[in-house]
Amino acid sequence: MSDDPFAQLKAVQREAWAVFAPLEVVTTMPAAELVRYARVSPQHSVLDVGCGTGVVAVTAARLGARASGVDLAPALIERAHKNAALADVEVDFREGDVEALPYAAASFDIVLSQYGHMFAPRPEVAIAEMLRVLKPGGTIAFSTWPPEHFVGQMFALVGKYQPPPPGAAPPPQWGDPNIVRQRLGDAVSDITFDRSVLRFPALSPQHYRKVMEETLGPVVKMVQIFKAMSQS
Ligand SMILES: C[S@@+](CC[C@H](N)C(=O)[O-])C[C@H]1O[C@@H](n2cnc3c(N)ncnc32)[C@H](O)[C@@H]1O
């Protein structure tokens, strides 16, 4: 039996995120921005946490880095392997949890996460794990959504109908620079922030909504809850 108090939440997340693959067309462009921001280059070993279909890891590998990726959802890891094969790069993809990373201490020069580690229920455990596998003097960099912007607001709506279980932090908190500073504390010597624009190709707002309701795990779950409520 698992001693993880959030094992059940993670089992639900693992299943909910399984349908995320079509959204890789949206997350591919910011992946390039994150890799550039973290100054990934061929001499680096890089970990992509919450890698999904591997857009960040594959981008880093295409630059010549030794890339690894880890994600909760096996269906996405399967797709990530296919993405690496198609791009003709080698990436060590593994199924795993950011709160218990399957790597030895000080394994990576750079640890990245694009909209990934933010979904772990215990930010302090997730960040401690990401720092544990980082080499001393290495770089940790992640992309999240500011809580006051559109995607942040969408997750606030999700949180209203599916509040995180007691003891779990709401994911949008990771988009607040003050909270990020607190969570990283003295563990890092230097912090920089940047903002960019996430573009989402959609024919109409209704198309956007349909894609979200079919592919973004927490929104998929929220819609299932609405349907169950309307049938009861
Ligand atoms: C919004 S998707 C981002 C995927 C990918 N990084 C991208 O940019 O396309 C969030 C990802 O975080 C993963 N995830 C959620 N909780 C996780 C956890 N505790 N450990 C590892 N991965 C997790 C999900 O399975 C999902 O693939």
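Visitor: Is Ser-113 buried or exposed?
Guide: In this predicted model, Ser-113 lies in strand 4. Buried is the word for a residue under 20% relative accessible area, and because the value for Ser-113 is 0%, this serine counts as buried.

Visitor: Which backbone nitrogen lies 2.8 Å from a polar atom of the side chain of Ser-113?
Guide: Two backbone nitrogens can be considered here. The one of Gly-116 lies 3.4 Å from a polar atom of the serine side chain, whereas the distance of 2.8 Å belongs to the backbone nitrogen of His-117.

Visitor: In what order do the strands of the open sheet run?
Guide: Strand 1 and strand 2 pair in the parallel sense over 5 bridges, and strand 2, residues 66-71, pairs with strand 3 in the parallel sense, also over 5 bridges. At the edges stand strand 3 (91-95) and strand 5, each of which pairs on one side only. The order of the 5 strands is therefore 3-2-1-4-5.

Visitor: How many of the 6 residues of strand 2 are buried?
Guide: Within strand 2, Ser-68 is the bridge partner of Leu-47, while Val-70 stands opposite Arg-94 in strand 3. Strand 2 is largely enclosed by the rest of the structure, because the number of its residues that are buried is 5 of the 6.

Visitor: Which side chain is joined to that of Asp-97 by a polar contact of 2.6 Å?
Guide: Asp-97 lies in the loop between strand 3 and strand 4 and is buried, with a relative accessible area of 15%. A polar atom of its side chain lies 2.9 Å from the backbone nitrogen of Glu-99, and Asp-97 touches Asp-4, Lys-10, Val-70 and Leu-72 when residues up to four places away in sequence are not counted. The side chain joined to Asp-97 by the 2.6 Å polar contact is that of Lys-10.

Visitor: Which residue has an N or O atom in its side chain 2.6 Å from an oxygen atom of the ligand?
Guide: The ligand is surrounded by 19 residues, the closest being Thr-27, Gly-50, Asp-71, Asp-97 and Gln-114. A polar backbone atom of Gly-50 is 2.8 Å from a nitrogen atom of the ligand, and a backbone N or O atom of Leu-72 lies 3.3 Å from a ligand nitrogen. The side-chain atom at 2.6 Å from a ligand oxygen belongs to Asp-71.

How values were computed
Residues numbered from 1 in each chain as written. Predicted model: local features only at pLDDT ≥ 70, side-chain atom pairs only at ≥ 80, totals over all residues. Heavy atoms only, no water. Pairing = 2+ DSSP bridges. Helix = DSSP H or I, 4+ residues; strand = E, 2+ residues; numbered from the N terminus. Near = heavy atom within 4 Å. Polar contact = N/O pair within 3.5 Å; in protein donor to acceptor, adjacent residues only side chain to side chain. Buried < 20%, exposed > 50% of the residue type's maximum accessible area, 1.4 Å probe, protein only. Contact = heavy atoms within 4.5 Å.
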